[in-house]
Amino acid sequence: MMPNNSQFGAKQSDIGQSVVTDAPSRTHSEADSKFTTTYQDVELVLPAEGHCFHCGDPLPSPPFFTHVLGEERAMCCMGCQLASQSIIEAGLEQYYLDRSEINRTASLPDSLYQLQAYDHDDIKSQFIYHQQGHSVAELSISNLRCAACSWLIETQLYRLDGMDTCQVNLTNQRMRVVWDDKKLPISQILANVQAIGYDAKPYRQDTHEAMLKRDNRRMLFQLGIAALGAMQAMMFAVALYFGEYSGIGVNDRQFLRWVSLFVSIPVFLIAGLPFFQSAWSAIKARQVNMDVPISIAIVITFLASLYATLTNTGETYYDSVSMLIFFLLAGKFVEHNARLKAANLANDLVVVEPVLVAKLGHEAPLAIENRDVSQVTRYASQYKDLFYQSLSIDPANRGDNEQMVSAQSLKVGDIVRIDAGSSIISDGILLSDSATVSESLLTGESDLIIKRLGDSIVGGSQNDSQPFVMQITTLPNDSQMGVIDRLVNRSLSEKPQIALKADKLARWFVARVLVIASMVFLAWYFIEPSHAIWATVAVLVATCPCALSLATPIALTVSTNRLASLGFLATRGHTITTLAEVTHVAFDKTGTLTYGQPNLMAIETLDVPYGVKQNPSVDFTEDDAKNEDETKNHFLSIAASLEVGSRHPIAHALLTMTRQMHLPATSDLMHIPGGGLQATIDGLSYRLGHHGFAVPSGLDDGLLPNLTKHQASTSVTLSRQDSLSKKWQPLAHFYFHDKVREGALATIKHLKEQGAQVLMLTGDPSAQAFEVARELGIDTVYKGLTPNDKVQHLKALQQQGHIVQMVGDGVNDAPVLAAANISTAMAGAADLAQVSSDSLVLNGQIQAVAKAREVAFKTDHIIAQNFKWALGYNFIVLIPAALGYVPPWLAAFGMSLSSLFVVLNALRLKRA
């Protein structure tokens, strides 16, 4: 439910209203002046004909219009038009579908009053999620111009009580905030951002792109004014310059000056406004940003020229004012579009959810893992008729069970219909016989995938063919694509040390520029006063460190997007810079160098020296088994019951084999890190894991698992504790084969060519670890390790000064991943929400690990180039500017060119 109308307007209206229930057809009654229409089977409250769609007041002639819910809606005043546009731009268009009455609004909405709507619980649930006891939100920020803007917003918000983290991304105009919702409402955060001259709204891809397009149009409009004014001012300036040599009359000269002033005023007031607003916001916050020296230069030049015009003395430089603003805006416009282009890939990872989806019902949620097949079949049968009924063209035949609801209002367990060609709104389980989907956004693979009844469906996939029914298993914001978007944005928001140093250096540089400019003015004032202003202006403009502030963030953004296109997702800000420093790369074996999808090859039962008739409740024992197959099935069911709830690849293989079997109930289940599982079944204790754990006293040579005999890559042993002797006795070995991952050999070879030392750290105690290492060319292998053993190996390397990258499966290797300098998870899609690693390989292509290092090296090189250029340019141009050899317009051109060079140089990483 959206907020009540009082949050967008004060008093209730008694104007006649109508409820929209039917569709494109409209029926009109003169008695009540009401009509009905359909909007996708949702009741939409409309005013009486001739009244405002937003507040219900009578319409003027002609009315104002806003595009709402696919149509142009009539508004009674500019206030309602602006209010409705604000609601839509905030991503809250659903408000008009959910309201039950129409309220009158004030003329022009107060910004703070509007922001309080975001404190409503239903609104917050649409864009705020919770993480480790804090609230987290992704926001769109408009009017960002430079790194100093990002720093200013972060500085202001960190002053608020309850603010934990604030990270502004200049490149994609987004901000990530983490705060304590009990101490600090979201409306106060948004209000503080507005107070310093910026605009923050909840991030949605469609409204974010609309905001960026609007900013682009505004910049283009201002650039056009500056271009026209600069051309006209330059034309008059040429006449004045030549007139000085040919004896122009005083009246003619004064006329040209006044005309130049006339054409420069729109440039100064309209095109120069963004610089003045940004500078004033910084000054109000008692800070300086890069627009402060720029604004000072523009204002000084314009006022000096105005004084010369009014007093008919000295020189005028209206052409310099117009050219200065034009070149600055041109540089900003090109830079802005280049940065947007760099950020497009990350934005494309997010799928804009449809506003409405067909909900057919709600049932108890199916298990994400190891789900009950009979329950899936029952749900599918139960909703089959309702599904076909919902596809009827005639709304009268669809029945009353189908509801069109907003995607954000869905809950876990809801049964929904996904139409052909639609994006799948969230993760779920297929309840139709089959479906054809594309998971290209997640896997990078364009091939269509055929899903069967009971298969998992990934949110963000595309339904390629016929409609189907599915049950929602995660909320849309928590779906795999939602998690990926949050990880990408977290990576782009977090700043590595090199970026923080660059920002600090840029702020230091701005302050020094102001000091140097003051010194230049004083020096010229005593040498030649007529040159003082223009030399000062040139220094202020030419040495502005815009390029320096862009040197790092633009390169990191482009490289992050390039890595994402390769299937390597950087989820932390330091990932790329640390990758370039890595000396050792450590791999886990199962699930990393191998696919982590073992198949059960064989079950070997073992002769045990005792029976099990110690517990009369045991229905079946190996002593009274009629044949070996029954014994194997019995042991298999026990082993699988111990693995229920586990996400280990071995667990998946065992549970897959026992999907149609009845599994005995377990109690006292324990997971022993580096060992295996232990539980009690019918009063007897069982263990499942590697043979050293299952049988601590050791096995005779004849009872050891034989991988070669069964052509297996790994094995686990099932044992039971003797209730009398308390010794663990082996019952069976389970043999599995897990293929080496395609591309692993090429990856290891590539890493070695890059100069990295490669080693394997695995918990597998078998000789198979050496076989895999020998096949892949890994010289250093440590096998049979507990998670703590792996951590100690990493620490030993780190103590020697090495930078270590750990590549693991993302869940079972959590401790060692946390201990590494940089961690990479070969995580399956279902693991995304649990992964806290620095990076992810999304599509299972292990080659991305080596390619990522290659991109990191090139990024490091590009950043170094950008720094050298930015610093070199600023120092080189300082001397001629201070000596008066650089006119203001040329200084602006040079500064813009410097920033553009940095951006274009970083864009080369797209081909890395």
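**Exercise 1.** State how many bridges join strand β31 (residues 804–808) to strand β32 (residues 822–825), and in which direction the two strands run.

Solution. 
- Step 1: β31 and β32 run parallel and are joined by 4 bridges. (Strands are DSSP runs of E with at least two residues, and helices DSSP runs of H or I with at least four, numbered from the N terminus; two strands pair if DSSP finds at least two bridges between them.)
- Step 2: Within this pair, valine 807 has threonine 824 of β32 as its bridge partner.

The model is predicted: local features need pLDDT of at least 70 and side-chain atom pairs count only at pLDDT 80 or more, while totals for chains, interfaces and linings use all residues. Residues are numbered from 1 along each chain as its sequence is written, and side-chain values use heavy atoms, with hydrogens and water left out.

**Exercise 2.** For the open sheet of 3 strands, find the order and the edge strands, then name the bridge partner of serine 434.

Solution. 
- Step 1: The strands follow the order β17-β16-β19, and their pairing is antiparallel.
- Step 2: At the edges stand β17 (448–452) and β19 (462–463), each with a single partner strand, so one side of each has no neighbour in the sheet.
- Step 3: β16 (residues 434–438) is joined to β17 by 5 bridges, the two running antiparallel.
- Step 4: Serine 434 has arginine 452 in β17 as its bridge partner.

**Exercise 3.** Identify the residue with a positive phi in the hairpin of β24 and β25, and the one in the turn between β7 and β8.

Solution. 
- Step 1: β24 (residues 667–672) pairs with β25 (residues 676–681) over 4 bridges in the antiparallel sense.
- Step 2: Histidine 671 is placed opposite leucine 677 in β25.
- Step 3: The hairpin of β24 and β25 has 3 residues between the strands, and glycine 674 takes a positive phi near 75°.
- Step 4: β7 (residues 128–131) and β8 are also an antiparallel pair, with 4 bridges.
- Step 5: Glutamine 131 faces histidine 134 in β8.
- Step 6: The hairpin of β7 and β8 has 2 residues between the strands, and glutamine 132 in the turn has a positive phi of about 55°.

**Exercise 4.** Locate the partner of arginine 176 in a salt bridge (a side-chain nitrogen of Lys or Arg within 4 Å of a carboxyl oxygen of Asp or Glu), and say which parts the pair ties together.

Solution. 
- Step 1: The whole structure holds 8 salt bridges.
- Step 2: In one of them arginine 176 pairs with glutamate 138, the closest N and O atoms being 4.0 Å apart.
- Step 3: Arginine 176 belongs to strand β10 (residues 174–179) and glutamate 138 to strand β8 (residues 134–142), so the pair ties together parts that are 38 residues apart in sequence.

**Exercise 5.** Classify the packing of helices α9 and α10.

Solution. 
- Step 1: Helix α9 (residues 273–284) packs on helix α10 (residues 291–311) at an angle of about 125°, the axes being 8 Å apart.
- Step 2: This makes α9 oblique to α10. (Angles under 35 degrees count as roughly parallel, over 145 as roughly antiparallel, 65 to 115 as roughly perpendicular, the rest as oblique; axes are lines fitted to C-alpha atoms, for helices over the stretch in contact, and angles run from 0 to 180 degrees between N-to-C directions.)
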